[in-house]
2 protein chains.
Amino acid sequence: MPRSRHSDALRAAQMYYLQDLTMDAIARELRTSRSTVSRLLSSARDTGLVQIQIRSPLDTAPELERLIREQYDVDVHVVPVLDTLNEAEALDRVAMQAARTIGPLVDSNAIIGIAWGATISAVSRHLTRKITHDSVVVQLNGAGNMQTTGITYASDIMRRFGIAYGARVEQFPVPAFFDHASTKTAMWKERSVRRVLDLQDRMSIAIFGVGSVDSSYPSHVYAGGYLDEDDLKLLASSDVVGDVATVFFRADGSSDGITLNERSTGPSHEQLREVRRRICVVSGASKIDGLRGALAARLATELIVDEATARRLVSYGDSA
Amino acid sequence: MPRSRHSDALRAAQMYYLQDLTMDAIARELRTSRSTVSRLLSSARDTGLVQIQIRSPLDTAPELERLIREQYDVDVHVVPVLDTLNEAEALDRVAMQAARTIGPLVDSNAIIGIAWGATISAVSRHLTRKITHDSVVVQLNGAGNMQTTGITYASDIMRRFGIAYGARVEQFPVPAFFDHASTKTAMWKERSVRRVLDLQDRMSIAIFGVGSVDSSYPSHVYAGGYLDEDDLKLLASSDVVGDVATVFFRADGSSDGITLNERSTGPSHEQLREVRRRICVVSGASKIDGLRGALAARLATELIVDEATARRLVSYGDSA
DNA sequence: AAGCTATTTGCACAAACGTGCAGAACGGAG
DNA sequence: CTCCGTTCTGCACGTTTGTGCAAATAGCTT
């Protein structure tokens, strides 16, 4: 009689969620206290034993989602957020809902690419466990910069994903930007680097936020000491509106001729577009310009976005 | 601003299940009372907007499930049921869990075959709504008998399935058994009947219980006036142990040479085995013999069964 | 507009639930 | 065996949630 914790949790979950019994009744059946059952159920929920999913049938989806879906051809999840919340709280809500939306999409044998950043960091803190086999979490772009190696920050994010899905973690130990494009070319031939690049080539899910050059709330990349004065000037003169995984683009989604990209370590847009599921998480109205560009570049197949930003996405929607 | 009931339910569900807000907080956001939110969430649950699923990773599945899976090669869901419950209460629990397990398996464009009976009737009463498109629910075997047409009973079951999945319902207006095999042959050429048979040929999901000849608790078919004295004698002399959708089989799963099957209206076992998902629901230890036969005949790909019966399935498991 | 019925709402209360805390049970290390 | 650190359990309390009921509202008919 394996009266193990795990199998008790399973029984409890079945009785609670599938048979509508009360915790009290389950406690009697399991010969334990009601509080223990309450705890069993919590653990069942956050070990991913119980999966709660919200599926809004496409034809009854709210107007807003329908509009965005049509205009940008992306599978959109609008996160309802009280607009009195401040940026940090809103980000937290979006991140929590993103984490739970991503869960069901991850499967065994997945290769999951992660572009670290403030948004994805928040997501990583809300992941619910889901056991998979032979999955790999691979870092999409380097994290080193001129002051620090930035490694602990990025690797914390990676580790959380790895733990949540029981996946192997592959770090990408290079700087975010090389100083010289030639160094990148050289490194890209190293076998240690190739291993990571090969994984990126084969990834089945990519998860990323967007950076936006919007001045009021510059994202990590623009403020964190990754770029110097000259770089920033270069960006401004190329009409860059934002980036995904440190690869920059313009408002129309194009990225040709942006020389900085030759020194950045993230996957090119061509490469990214090869990935089947490309999940973009965005919170905060200041990201609107970057987001528009990313969508124009067709970098995402699914978009998880807060309600206010979603509204602005369609408001002056007819592109010039 | 479509402040419709449905979209409110969606917002509430997202905030409750995906962002862990309390109903109180959601009520303020939606400018309504907490009780309304409670009701919105109920309706979200039973219109299938919120899907709760329990996925026990195969390798951590309890011993019992693993054993059955290996021995009978069937995807098994053991329903924990307190063994002090009476037959009717246990059936209800199994039915509820079956209904919720089936839900996620039904998809748009499905053709769902239903074999009416006491077990499936109970299941039909616990279905949760899930909107699909262009699905059809088709009756697998006739319901008429010598006393009544049996139609209301069977059609209630069918209707409930149809409503739950937003599917068209196709009745099968023939008796459960013909008196003469030749009548069946004739009827099977009628175009009205052919239409139903064609649907059955193309079904993607079949849902059925099992009948068992066990004397202590004879199932509907054996007691309901569908068969006369001679028929029952015939069954006994052919070593029949049970039936699925009024087609009979022996303990080893074989059904050749059982003449009654030539007059019955359910799909042949060959035909049934062509169906991708074949879901068998069983409650009650008296069904054990029929169940063994059905599994031997490989009629089911998924089995939903109460714990006590599941145990007996493996107890003297080494087949003679 | 009035009148009628069916549905929806909020209130109030009871039932069900989550969690800090203190003690019990467990698991090595000495 | 004893000690100490960790994990697990049940209790008690406050919070959160479900639901019967009466009032309000919406939908229809005349």
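How many residues of chain A are in contact with chain B? With contact meaning heavy atoms within 4.5 Å, 37 residues of chain A touch 37 residues of chain B. Before going further, please keep in mind that this is a predicted model, in which local features need pLDDT of at least 70, side-chain atom pairs count only at pLDDT 80 or more, and totals for chains, interfaces and linings use all residues. Residues are numbered from 1 along each chain as its sequence is written, chains are lettered from A and ligands numbered from 1 in the order in which they are written, and side-chain values use heavy atoms, with hydrogens and water left out.

Chain A and chain B bury about 4000 Å² between them, 56% of it on carbon and sulfur atoms; buried area is the accessible area (1.4 Å probe) that two parts lose on being put together, summed over both. Of the area that chain A buries against chain B, 18% comes from A:Leu18, A:Ile54 and A:Arg55, more than from any other three residues.

Four salt bridges link chain A and chain B, each a side-chain nitrogen of Lys or Arg within 4 Å of a carboxyl oxygen of Asp or Glu. One of them joins A:Arg11 to B:Glu307, with the closest N and O atoms 2.6 Å apart. On the side of chain A that touches chain B, α1(A) gives the most, with eight residues; helices (H or I, at least four residues) and strands (E, at least two) are DSSP runs, numbered from the N terminus.

The strands meet as well. β1(A) and β1 of chain B (residues 50-54) pair in the antiparallel sense over five bridges, where pairing requires that DSSP finds at least two bridges between the strands. Within this arrangement, A:Gln53 stands opposite B:Gln51 in β1(B).

Now for the DNA. Which residues are closest to DNA strand C? Among the 14 residues that surround DNA strand C, the closest are A:Tyr16, A:Met23, A:Ser38, B:Thr32 and B:Thr36; a residue counts as near if one of its heavy atoms lies within 4 Å. The largest share of this surface, five residues, comes from α3(A).

Phosphate oxygens of DNA strand C lie 2.9 Å from a backbone N or O atom of A:Met23, 2.8 Å from a side-chain N or O atom of A:Ser38, and 2.9 Å from a polar side-chain atom of B:Thr36.

Note on methods: A polar contact is a pair of N or O atoms within 3.5 Å; within protein, one must be able to donate a hydrogen and the other to accept it, and residues adjacent in sequence count only if both atoms are side-chain atoms.
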